[in-house]
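Please look at the sequence and the model below with the aromatic side chains in mind.

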Amino acid sequence: MRNILLVKEIYFEAFRNLGNFLIKNYMQVYAWCCFALIGISIFALIFRVSTGFAFQ
């Protein structure tokens with residue numbers, strides 16, 4: 001019985017840390033993608049304004 005509880009505790013501890021690691025890295029990648037998309041949008045807007053594009 002003690003071995004089963006020990007294995008259970010190791011299992012839960014491993015996946016608890018793995019979940020935090022995955023969520024943290026996913027959020028970092030998501031944030032960088034959002035910054036890149038905002039940067040591309042600002043660049044496109046400035047480019048269109050500088051070339052005289054009519055927004056009508």
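## Aromatic pairs

The model is a predicted one, and it holds three aromatic pairs. In one of them, the ring centres of Y26 and Y30 are 6.3 Å apart and the ring planes meet at 20 degrees, so this pair is stacked, given that planes under 30 degrees apart count as stacked.

## The tyrosine pair in helix 1

Both Y26 and Y30 belong to helix 1, which covers residues 2–50, and the four residues that set them apart amount to about one turn of the helix. Y26 is exposed, its relative accessible area being 54%, whereas Y30 has a relative accessible area of 48% and is partly exposed.

## The phenylalanine pair in helix 1

F43 and F47 form an aromatic pair that is likewise stacked, with 6.2 Å from centre to centre and 25 degrees between the planes. Because F43 and F47 are four residues apart in helix 1, about one helical turn separates them.

With regard to solvent accessibility, F43 counts as exposed at 59%, while F47, with a relative accessible area of 46%, is partly exposed. The exposed class requires a value over 50%, so the 46% of F47 leaves this residue in the partly exposed class.

## A charge over a ring

Apart from the ring pairs, there is a contact between an arginine and an aromatic face to consider. R48 lies over the face of F53, at a distance of 4.7 Å from the ring centre.

Terms used:
Residues numbered from 1 in each chain as written. Predicted model: local features only at pLDDT ≥ 70, side-chain atom pairs only at ≥ 80, totals over all residues. Heavy atoms only, no water. Phe/Tyr/Trp six-rings, centres within 6.5 Å; stacked < 30°, edge-to-face > 60°. Helix = DSSP H or I, 4+ residues; strand = E, 2+ residues; numbered from the N terminus. Buried < 20%, exposed > 50% of the residue type's maximum accessible area, 1.4 Å probe, protein only. Lys NZ or Arg CZ within 6 Å of the ring centre and 35° of its normal.
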